[in-house]
Amino acid sequence: MPAKHIALVVAVALLGACANVKRCSYEGFGRDDWQQPERVVESLALAPGERVADLGAGGGYFTFRLADAVGEGGRVFAVDVDPDMTAYLEKRVARDGHGNVEVIRATPADSGLDDASVDLLFTVNTYHHLDERSAYFRALAPKLAPDGRVAIIDLHPDQGFFFRLFVGGHATEPAQIERELDAAGYRLLETHAFLARQSFQVFALAEDERAAATAPEASVRPGINKPFLSADLDVDQWAERFEGESREIYVERQGIADTLGIEPGMAVADIGAGTGLFLSLLDERVGPEGAVYAVEIAPNFVTHLRERAEREGLAQVEVVVGSERSVELAKASVDLAFVCDVYHHFEYPQASLASLREAIRPGGQLVVIDFERIPGTSPQWLLEHVRAGKQVFRSEVEAAGFELIEEVAVPGLKENYFLRFRRP
Ligand SMILES: C[S@@+](CC[C@H](N)C(=O)[O-])C[C@H]1O[C@@H](n2cnc3c(N)ncnc32)[C@H](O)[C@@H]1O
């Protein structure tokens, strides 16, 4: 039998003996000898209270050592895409009482980490599993605190077949890691050479990337909400405009509300609720167990929405004062966010979308209705008022971490489109 096949047979037999096959395959046999975990953690020079993300935490080989290093005041996010591994880690956290470890089930497109929440992104024997690595690490940049670092340990390509079989199969040249991280906006800070089987590199964001990451988003349309924010806003006059037969959204409101797909008990957010055209339609659909959050930034509309909900007996409606950069809703509190004729009013779309992404629970939906904007066809006032068309808005929403599910042709809607997105 060729040597490769013998190795395979032995490997499979050994794997079968493990209680947890995957975990054993990640940790191999005698890992402590070649991995030198204490020396690795020591060389990271973690300060008590720091926050570390262990990306591809697997069975937690490093997670709990990192948790000890940052102490009770610190935090370790054990991030993995494999539900078997996150279930195992959760059990272990509960069993051993690691109060500073949080397990996060990630997807390849979404680490599940909050912005500016991590001092060190740490990843061992995982790099070679990642697709589109420059894009992956670019997307992680906002998750880092201002002086955050990225530590990457991966297998040297010159390891033998048997060894690689046990620790994940592939390997990456350190020069390739450096090139890919450079393309993602990082620079190499230091290299540790004490691991015989793995490369160990530490990176930080390059200065210009750091400046870009921390610079506040500029307004994409300064002053577009000025009339709404004015203390002199005449609500009755706007109610006539928003709730009149000449407005397609008003005429087709029943069809729009039906297309939202609201189930009793859902929590729905009407972002930029205006004069409250949709309040009763949403209130009746969520039923007595559901919730409708009417989010508004214009003070006079906020007062009007509260009075209207009271007057019309809309028991499920709660009016929420939003800001121009945030919908001000609790994390994962919403099943469906409805943004009707409002997206083009977002002055800071990246910030508003980031807050929406936080507010919508994983698997929840975002519906955007906005004007079709076609240069040469759309009227001049629309071309001036609405800053971009469907493709641009769609790309912005996708870049903020939403997936397009479908564009729905709502009967009667000709001037407006209806896009349904999912928050992964
Ligand atoms: C054209 S009105 C649409 C009102 C309502 N959705 C409708 O279709 O009748 C736009 C509304 O969006 C609000 N708005 C603008 N920017 C907002 C933001 N960042 N967050 C929440 N509301 C916003 C404005 O105050 C205004 O009430």
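1. A quick term before anything else: two strands count as paired if DSSP finds at least two bridges between them. Strands themselves are DSSP runs (E, at least two residues), as helices are (H or I, at least four), and both are numbered from the N terminus. With that in hand, V295 stands opposite V320 in β10.

2. Bear in mind that this is a predicted model: local features need pLDDT of at least 70, side-chain atom pairs count only at pLDDT 80 or more, and totals for chains, interfaces and linings use all residues. Residues are numbered from 1 along each chain as its sequence is written.

3. Now the overall picture. The chain has 19 helices and 14 strands, and its C-alpha atoms fill a box of roughly 80 × 45 × 45 Å along the principal axes. Of the 424 residues, 37% are buried (20 or more other C-beta atoms within 10 Å of the residue's own, with C-beta atoms placed from the backbone).

4. Have a look at the open sheet of seven strands, ordered β3-β2-β1-β4-β5-β7-β6 with mixed pairing. β3 (101-105) and β6 (186-192) are at the edges with a single partner strand each, so one side of each has no neighbour in the sheet. From one strand to the next, the twist averages 20°.

5. Inside that sheet, β4 (residues 118-124) and β5 (residues 144-155) run parallel and share six bridges. L121 faces V150 in β5.

6. Next, follow strand β9 (residues 291-296). Five of its six residues are buried, so the rest of the structure largely encloses it. β9 pairs in the parallel sense with β8 (residues 267-271) over five bridges, and I271 sits opposite V295 in β9. To get from β8 to β9, the chain passes through helix α15 (residues 279-286) in a right-handed β-α-β crossover (with the strands pointing away from the viewer, the path from the first strand over the helix to the second runs clockwise).

7. β9 is also joined to β10 (residues 317-321), again in parallel, by five bridges. Here the chain goes through helix α16 (residues 299-311), and this β-α-β crossover is right-handed.

8. Finally, the ligand. Of the 22 residues around it, F228, G272, G274, A298 and H345 come nearest (a residue is near if its C-beta atom, placed from the backbone, lies within 6 Å). The shell splits into 13 nonpolar, six polar and three charged residues, where Ala, Val, Leu, Ile, Met, Phe, Trp, Tyr, Cys and Pro count as nonpolar, Asp, Glu, Lys and Arg as charged, and the others, Gly among them, as polar.

Definitions and conventions: Axes are lines fitted to C-alpha atoms, for helices over the stretch in contact, and angles run from 0 to 180 degrees between N-to-C directions. A residue is buried if 20 or more other C-beta atoms lie within 10 Å of its own, exposed if 12 or fewer, and partly exposed in between; C-beta atoms are placed from the backbone.
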